[in-house]
Amino acid sequence: MKRVFAVIGFTMALTMLVANLVDAYYIFITVIGLTVIFAVSLFLPYFRNNRPFEICLATVIFACFLFLIYKSYVVSPQLSLAENEADCRFYVIEKLNSSYASNSYLARIQSSSLEKVPENMKLIVYTTSDARLEEYEAYSGHFSFFTQYEKPFESYGKYADGIFISATAGNVTSLDESVYTVFKSVGILKQSIINKLTYIIGNIEGVLSTALITGDTSLLPSSVKAEFTTAGVSHIMAVSGLHLSLITGVLVFALKKLKVNRKISSAVGIVAVFVYMAVVGFSGSVVRAGIMMSVLFIGDLFSRRSDSLNSLGIAVFLMCFNPYAVSDVGMLFSICAVLSLVTLYPLLMKRLPRTYVDPLFKTKKERLRDRFLDLLCVFYASVCISVYCLPVTYMFYSSVCVISPLSNLLVLPLASVCVVLSFLTYFASVVKIDFITIGIAFLTKQADTLLLKEVNMLSSLGNTYFYFDYRYGAVIAGVLLIIACAFLIRRKTAFKIGALLSAALILVCSVSFCISDRDRAKIYVFGENAVFVCYKNINVVWGVDTADEYYSVRSAVNSNGGYIDYLVCDNLLLYSSLLSNDVSVNTLIYNEFNDTILVDASHQSLEIHDYYNIKLCDDFELYYDEGDITLNVKGFDLSSKYKTANAFVGNDKIIDDIGEISIKDEGVCYTIDNDNTYSVRRLNKWQK
């Protein structure tokens with residue numbers, strides 16, 4: 001059987017994906033049934049000789065057993081700690097950035113007064129004191145355990161990282177002991193990279209270089225991160241195969257120039273891969289890339305040629321030994337991206353009119369054509385990745401950047417240069433050759449500056465995101481079904497017909513959705529209490545008080561016309577004035593006058609009111625009462641004052657018919673239909 005590892009790897013990943021979505025009871029019943037089928041098939045000649053069937057069935061059974069064992073002996077004991085308390089000895093691994101608390105840490109428990117607490121358990125700890133805890137220092141404290149996430153796909157990758165429980169820690173006391181682990185040395189190396197690059201390069205360019213090398217974006221300003229997201233190139237700062245291949249490529253190239261033995265170079269490459277994986281925290285995307293690259297190096301050691309699809313299958317298979325790895329969005333994006341480059345990209349490349357010409361005899365026209373074809377290859381690759389990643393994008397983000405292929409075409413080459421130069425700057429600083437370090441640092445800073453300007457230019461285009469709703473899930477499923485049927489038929493005409501049917505399905509559904517949405521109202525709630533309402537080409541915004549709310553609302557406004565009819569401000573005018581300078585604002589409503597409104601805010605008209613009531617259209621009314629807002633849209637009430645409304649927003653949460661939910665880390669979208677009914681969708685969540 002050809003590419004057996006690819007079959008095993010992807011079968012296991014799909015099984016784990018389904019297992020993460022259903023109850024363990026159904027998995028147990030399924031695995032019993034499949035085991036019986038597998039046992040019976042061994043005695044039937046047709047199935048016994050059908051190797052793909054047996055391999056797939058055995059892989060599914062193995063994956064189900066692995067998931068059940070992991071859940072029973074690793075996950076369930078930790079989840080059972082919820083609502084328990086214990087005195088624990090622990091040490092901090094990393095300081096975290098969290099919207100729940102200023103002092104939050106990733107930690108491991110060394111010992112506990114509660115017997116059922118697993119030894120060396122990893123968890124998130126929120127301390128009640130303002131004192132900063134040092135990494136890899138031992139502490140004692142009183143822990144109150146709680147579950148922060150009930151489902152793997154709602155954990156933002158925490159389940160994939162082996163974090164299933166959280167705790168608040170009181171009475172934290174330092175034990176004046178240092179804890180040594182292998183990862184402490186790796187952490188010191190990572191901090192060394194951050195310190196050297198930020199010091200040598202300086203300013204925001206130095207912070208960008210550390211983000212490109214280590215994936216740590218905590219020091220980057222929110223405005224810069226928002227620009228990368230708006231431009232559709234935020235993946236550049238998520239360390240993946242691109243970064244790993246560039247850095248190991250520079251290392252192997254240097255060893256080759258030094259005439260180091262090829263097998264020694266491959267061995268050094270394997271060590272470098274695992275060290276770099278540890279530095280960036282073994283994220284899903286870099287682990288996938290690291291395993292694939294290790295397979296390539298191992299093949300080189302034994303003078304064997306590897307197969308890309310098989311290598312990807314091996315990487316996926318090994319990663320799925322952590323059953324929750326498939327809940328990490330970074331891993332899913334990484335796998336889909338590589339799969340697109342291995343399968344779809346070569347088909348498109350065959351269409352390019354390339355002919356071999358001896359470089360010595362190439363004319364200027366032929367060289368120009370080659371450069372154009374090279375750019376087209378990059379564009380094809382970006383399109384292929386976007387297509388394959390579309391289901392993952394829909395499931396996790398409900399939006400897609402429409403200029404992403406163009407952005408990647410412009411940004412990726414320069415970003416690759418920045419990654420290489422940043423690595424060389426750090427390497428030169430370690431070697432301590434000052435004049436070389438200064439020269440490379442200067443080039444790195446110039447490249448980073450150019451990259452920031454390029455991303456800023458792309459983000460200024462506005463209206464770059466297209467937002468899905470639940471209906472597009474059915475469209476994507478239909479397209480995938482058509483493609484699957486084409487693969488089963490295995491004829492060229494089937495692929496052509498499948499492509500036409502897919503395009504027709506997307507076009508017809510998109511047009512019909514646009515027509516049906518003309519009379520629909522949408523209300524988005526972000527951050528702590530920011531609200532954006534869009535109905536009949538009337539846009540209303542209020543409650544923009546933080547940076548995260550500002551960027552979320554700006555993105556939503558840009559995707560719905562790029563203007564605001566009514567911007568209602570409370571006492572914090574800073575982010576509202578920034579928003580008014582970024583998009584067109586017709587009317588700004590404020591409850592008191594000050595000079596800041598005239599200096600910083602941009603608007604067509606200004607109205608000062610303590611109480612305000614306006615009918616925006618036949619079934620859209622706005623009530624303003626000393627900073628409190630109530631909206632009535634087609635019979636649906638949303639209020640920051642009256643808890644009897646259909647949806648009450650306040651104190652970082654929203655209360656509606658579904659229940660109470662924190663909106664700090666997830667938004668809510670209400671869609672109000674013509675018949676005075678509404679549907680609710682939790683943004684960035686599976687729950688609809």
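1. Ground rules. Residues are numbered from 1 along each chain as its sequence is written. In this predicted model, local features need pLDDT of at least 70, side-chain atom pairs count only at pLDDT 80 or more, and totals for chains, interfaces and linings use all residues, while side-chain values use heavy atoms, with hydrogens and water left out.

2. The whole chain. The protein chain holds 20 helices and 22 strands. Both are DSSP runs, numbered from the N terminus: helices are H or I with at least four residues, strands are E with at least two. Of its 688 residues, 46% are buried. Buried means under 20% relative accessible area, exposed over 50%, and partly exposed in between (1.4 Å probe, protein chains only).

3. Surface and contacts. The protein chain exposes about 34600 Å², and carbon and sulfur atoms supply 61% of that area. Accessible areas come from the Shrake-Rupley method with a 1.4 Å probe; for residues, only the protein chains shown count as cover. Among contacts with a separation of 6 or more, 62% join residues 24 or more positions apart. Contact means heavy atoms within 4.5 Å.

4. Helices α5 and α6. Helix α5 spans residues 182-200 and helix α6 spans residues 203-214. They pack at about 150°, with axes 8 Å apart. Axes are lines fitted to C-alpha atoms, for helices over the stretch in contact; angles run from 0 to 180 degrees between N-to-C directions. That angle makes α5 roughly antiparallel to α6. The cut-offs: under 35 degrees is roughly parallel, over 145 roughly antiparallel, 65 to 115 roughly perpendicular, and the rest oblique. The crossing is right-handed. A crossing is right-handed if the near helix is turned clockwise from the far one by less than a right angle, and left-handed if anticlockwise. From α5, the contact uses K190, I193, I194, L197 and T198; from α6, G206, V207, S209, T210, I213 and T214. These residues divide into five nonpolar, five polar and one charged. Ala, Val, Leu, Ile, Met, Phe, Trp, Tyr, Cys and Pro count as nonpolar, Asp, Glu, Lys and Arg as charged, and the others, Gly among them, as polar.

5. Helices α8 and α14. The axes of α8 (residues 241-257) and α14 (residues 404-431) come within 10 Å and cross at roughly 50°. The two are therefore oblique to each other. Their crossing is right-handed. L242, H243, L246, I247 and V250 of α8 meet L412, S416, V419, V420, F423 and L424 of α14. The contact counts nine nonpolar residues, two polar and no charged.

6. Helices α11 and α12. Helix α11 (residues 308-319) packs with α12 at about 165°, axes 10 Å apart. The pair is therefore roughly antiparallel. The crossing of α11 and α12 is left-handed. In α11, S308, L309, L312, V316 and M319 meet M331, I335, V338, L339, V342 and T343 in α12.

7. Residue M349. M349 belongs to helix α12, residues 329-349. At 24% relative accessibility, M349 is partly exposed. M349 and C377 lie 28 residues apart in sequence, yet 7.3 Å apart in space, C-alpha to C-alpha.

8. Residues G269 and T59. G269 sits in helix α9, residues 262-279. G269 is buried, at 1% relative accessibility. T59 sits in helix α4, residues 51-79, and is buried at 7%. Leaving aside neighbours within four places in sequence, T59 is in contact with I8, T11 and M12.
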